[in-house]
Amino acid sequence: MIFKRYELKYLLTQQQKQAVQEAMEPYMSLDRYGRTTIRNLYFDTDSYLLARRSIEHPAYKEKLRVRSYRKAAPEVPVYVELKKKYDSVVYKRRLALPEEQAVDWLTGLNAPPVQTQIAREVEYFRQYYQTLAPRVCLSYEREAYYDKDGGDFRVTFDESILSRTTDLTLEAPVWGDPLLEPGLTLMEIKTSGSVPLWMTHVLTQQHIYRTSFSKYGTAYQNALLPCCEGGKRYA
């Protein structure tokens, strides 16, 4: 599966979130999963090259993660996601696999388990960065809304964003250090086209402005950057 879209991020107070949801009501519906706990396992080099690039806010950046929409188990597929972003446009490749099979492949223990174009792109990425391994586990509670008229415009609200650098498996319970200040919500607008006028109006009225907040980049800055700068992670 391949996605190409804009992803715009905003940090909201609870009052701002309520105002946005009220404005959304005539146009958007909560998806059938309701409030979902999303788990992500981020892969990086032994020098955290991908995280360091992410916080530099370059025009182009990329990341590799394994995602699950519930606690992983041998019979529950997870999603290998190769995500690239250039000039606010996100290109995402996704492949469904069992977690153990995905991790063994991405860490170089096994060959690609399937032969598809997406698998070849992920394998090229893996070989290029060489020392990839799970580095950070990120989880959050998400509410996702879709366009009632059938368009591709989507809005998500992420709360209780937690990160950890141990117990790096999607089969573990949700726990970690919070990335947001209490009372804040990360909203993402996802669309391949323009933002609807009604959304633009509420963003203006509520003084809501775009941010470059990166979950993985923030987790790296909070938990790993001090020791990395001290020379314990890379020279």
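Predicted model: local features only at pLDDT ≥ 70, side-chain atom pairs only at ≥ 80, totals over all residues.
## A charged pocket, a nonpolar core and buried salt bridges

Charged residues make up 22 of the residues lining the largest pocket, alongside 16 nonpolar and nine polar ones.

One cavity of 30 Å³ or more turns up in a search of the whole structure, and the largest cavity holds about 40 Å³ of space. Around the largest cavity sit Arg 39, Cys 137, Ser 139, Arg 164, Thr 169, Leu 170, Ala 172, Pro 173 and Val 174. Sorted by class, this lining has five nonpolar, two polar and two charged residues.

In soluble globular proteins, nonpolar side chains tend to be buried together. Here the largest nonpolar core has 23 residues, and Leu 64, Val 66, Val 80, Leu 106 and Val 122 have the most contacts inside it. Two or more residues each come from β2 (28-44), β3 (60-68), β4 (77-86), β5 (89-98), α3 (99-106) and α4 (117-129). Helix α4 provides the largest share of the core, with five residues.

Val 66 gives a close-up of this packing. Beyond its neighbours within four places in sequence, Val 66 is in contact with Arg 39, Asn 40, Leu 41, Phe 43, Val 78, Tyr 79, Val 80, Ala 102, Leu 106 and Leu 170. Two of these partners, Arg 39 and Leu 170, are also found in the lining of the largest cavity, while Ala 102 and Leu 106 belong to α3.

How much of α3 is buried? This helix is mostly covered, with six of its eight residues buried. The buried ones are Glu 99, Ala 102, Val 103, Asp 104, Trp 105 and Leu 106. Among the elements that cover them are β2, β3, β4, β5, α4 and β6 (133-147). After α3 comes Gly 108, which has a positive phi, near 85°.

Next, the charged pairs. Side chains of opposite charge can pair when their charged atoms come close. The whole structure contains 17 salt bridges, and three of them are set out below.

| Salt bridge | N to O distance |
|---|---|
| Lys 83 with Glu 7 | 3.0 Å |
| Glu 81 with Arg 65 | 2.8 Å |
| Glu 188 with Lys 215 | 3.0 Å |

Take the salt bridge between Lys 83 and Glu 7. Because Lys 83 is in strand β4 and Glu 7 in strand β1 (residues 2-12), this pair ties together parts that are 76 residues apart in sequence. Lys 83 is buried, at 14% relative accessible area, and Glu 7 is buried too, at 4% relative accessibility.

Which elements does the bridge between Glu 188 and Lys 215 tie together? Glu 188 lies in strand β9 (residues 185-191) and Lys 215 in helix α6 (residues 215-229), so parts 27 residues apart in sequence are tied together. Glu 188 is buried at 3% relative accessibility, and Lys 215 is buried at 7%. Elsewhere, shared partners join Lys 17, Arg 35, Glu 141, Glu 143 and Glu 159 into one network of salt bridges.

Let us finish with Arg 120, a residue of helix α4. Is Arg 120 buried or partly exposed? With a relative accessibility of 45%, Arg 120 counts as partly exposed, because the range for that class runs between 20% and 50%. Between Arg 120 and Glu 171 there are 26 Å in space, C-alpha to C-alpha, and the two are 51 residues apart in sequence.

Definitions and conventions. Residues numbered from 1 in each chain as written. Heavy atoms only, no water. Nonpolar A, V, L, I, M, F, W, Y, C, P; charged D, E, K, R; others polar. Core = buried A, V, L, I, M, F, W, Y, C linked by side-chain atoms within 4.5 Å. Buried < 20%, exposed > 50% of the residue type's maximum accessible area, 1.4 Å probe, protein only. Helix = DSSP H or I, 4+ residues; strand = E, 2+ residues; numbered from the N terminus. Contact = heavy atoms within 4.5 Å. Salt bridge = Lys/Arg side-chain N within 4 Å of Asp/Glu carboxyl O. 1 Å grid on protein atoms, 1.4 Å probe; cavity = no way out; pocket = protein on both sides within 12 Å on 5 of 7 lines; lining within 4 Å. Points joined across faces, edges and corners; volume = space filled by probe spheres on them.
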